[in-house]
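Okay, thanks for coming, everyone. I'd like to walk you through a few spots in this one, so let me put it up on the screen.

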Amino acid sequence: MLYMLSTLSLSFAPQLVSRPCTSSSCVTMMAGESYLSKVPMGPPDAILGIAQDFVASTAPGKVNVAIGAYRDAEGKPWVLPSVRAAEAKLLERGVNKEYAGIVGLPGFLEVAMRFAYGADCAALDEGRIAATQTLSGTGACRIAGEFYKRYLPEGTAVYLPDPTWGNHVAIMQEAGLEVKRYRYCDRKTCGLDCAGLLDDIAKAPDGSIFLLHACAHNPTGVDPSEAQWDEISAAILKKGHHVLLDCAYQGFASGDAEKDAFAIRKFLKDGHSLLLAQSFAKNFGLYGERVGSLSVACKDKEECGRVLSQIKRIIRPMYSSPPIHGALIVNEVLSDEALSKQYYKECTQMADRILKMRSLLREAIEAQGSEHNWERITDQIGMFAFTGMTGKMCDELTAEHNIFLTRDGRISLAGINAKNEP
Ligand code: PMP
């Protein structure tokens with residue numbers, strides 16, 4: 001791996017995009033033929049397919065740096081002790097398993113919104129944030145896409161950063177939106193291409209949708225500075241664009257969930273047409289519980305009621321209502337002062353271990369005598385390091401060194417520990 005990194009040419013792999021064939025026209029049948037015999041084999045998912053390959057591999061010392069899931073210093077999944085304590089309290093109280101309402105549990109939504117927008121958020125006090133529980137961040141983005149498709153003028157395109165989390169493209173296409181890209185990452189430095197981003201905001205037709213990662217951009221780990229967020233916000237306001245903030249890593253970027261909420265709170269304050277997709281998968285380690293939210297900043301309470309009524313109409317025929325266990329846990333943790341304090345410490349602990357792995361990886365590569373500037377590994381934040389390796393180099397790493405990573409050169413730092421560090 002070190003060899004690959006140190007001989008790296010700074011070219012970028014193409015975007016991870018897998019587009020399933022959804023049109024019924026892709027199946028042509030003869031009379032009497034089973035339609036299932038004509039269903040084509042789909043490609044493996046660009047990220048989850050690699051996880052399957054990792055599990056199937058029998059190579060000793062195999063390393064999984066493909067998946068964005070936290071691992072402890074022993075390489076094991078970690079259930080936060082505050083989450084375990086909350087579960088114990090729920091069991092003790094004997095909570096029932098009744099359905100939640102269409103938009104989920106009100107207690108969860110209250111704490112989730114305060115977590116994102118701030119304990120003292122005036123818009124929440126005014127009751128003008130329309131919020132629904134969702135199937136984690138993915139579900140939030142999907143409902144957001146559907147909402148935009150129904151209520152923005154026909155032909156409104158969604159602009160995604162280049163690069164972005166691979167699933168964003170498919171999510172927005174499945175919602176029926178045209179997907180366009182805006183420049184995000186400087187190809188030479190792996191830093192933010194702020195001038196390119198601002199230029200693309202200015203050139204997009206007025207009233208377009210811009211999806212921005214609220215913090216810890218996936219896959220680059222490159223976030224705008226506070227001054228750059230100011231510029232981005234002003235440029236978007238000038239064009240009357242709509243903003244979807246995708247927040248999958250609050251707390252993971254800096255270790256401080258309050259600090260990582262900077263862009264969310266700023267965009268609300270600046271008065272944007274704003275939707276927020278929130279996930280509790282990473283920061284609470286509740287991956288499989290599928291707990292998240294979608295919220296919409298409205299003008300007033302009356303508008304909020306109308307918006308929420310339409311969000312309910314999207315959700316009801318799709319999955320009726322969300323799962324409750326993860327939402328009960330988040331509610332239990334964040335509404336209990338002692339558990340909440342404990343949780344914030346544990347979140348910092350995860351972020352700190354990842355920061356340590358960044359330094360370790362950089363030191364190890366530099367110790368090999370690489371001529372490249374590897375500051376990017378320690379400059380980037382969040383779960384991932386964006387190395388700039390090509391797809392071919394990534395394939396070689398997997399085939400020859402049993403290191404499993406996505407083909408865009410992204411490495412999950414959470415998969416590294418002192419034992420498997422290269
Ligand atoms: N947005 C981004 C940017 C992500 O990286 C992820 C997870 N990889 C998600 C959304 C959604 O994750 P989940 O559905 O597990 O909350």
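Before anything else, one cut-off: I'm calling something a salt bridge when a side-chain nitrogen of Lys or Arg sits within 4 Å of a carboxyl oxygen of Asp or Glu. And please keep in mind that this is a predicted model.

So, with that cut-off, have a look at R353. This arginine is buried but has no salt bridge. The nearest side chain of opposite charge is D72, and D72 is 6.3 Å away. What does the side chain of R353 make a polar contact with? With the side chain of Y70, at 3.3 Å. There's also the backbone oxygen of I416, which lies 3.0 Å from a polar atom of the R353 side chain. If you leave out residues up to four places away in sequence, R353 touches Y70, R71, D72 and A73, plus L413, A414, I416 and N417.

R353 belongs to helix α14, which runs over residues 337-367. Those 31 residues, at 1.5 Å each, should span 45 Å, and the end C-alpha atoms are 45 Å apart, so the two agree. At the N-terminal end, α14 is capped by D336: one of its side-chain oxygens lies 3.0 Å from the backbone nitrogen of A338. Following α14 you find G369, with a positive phi near 85°.

What does the K282 side chain reach at 2.6 Å? The backbone oxygen of G68. Leaving out residues up to four places away in sequence, the residues K282 touches are G68, A248, Y249, F252, Y287, M350 and M383.

Last stop, some strands and a helix. Strand β3, residues 157-162, is mostly covered, with five of its six residues buried. β3 pairs with β4 in the parallel sense, over six bridges, and Y159 stands opposite K180 in β4. Which residues of α8 are buried? C194, G196, L197, L198, D200 and I201, in a helix that covers 194-203.

Terms used: Residues are numbered from 1 along each chain as its sequence is written. This is a predicted model: local features need pLDDT of at least 70, side-chain atom pairs count only at pLDDT 80 or more; totals for chains, interfaces and linings use all residues. Side-chain values use heavy atoms; hydrogens and water are left out. A polar contact is a pair of N or O atoms within 3.5 Å; within protein, one must be able to donate a hydrogen and the other to accept it, and residues adjacent in sequence count only if both atoms are side-chain atoms. Contact means heavy atoms within 4.5 Å. Helices (H or I, at least four residues) and strands (E, at least two) are DSSP runs, numbered from the N terminus. The expected span of a helix is 1.5 Å times one less than its number of residues. Buried means under 20% relative accessible area, exposed over 50%, partly exposed in between (1.4 Å probe, protein chains only). Two strands pair if DSSP finds at least two bridges between them. Lys and Arg count as positive and Asp and Glu as negative; His and the chain ends are not counted.
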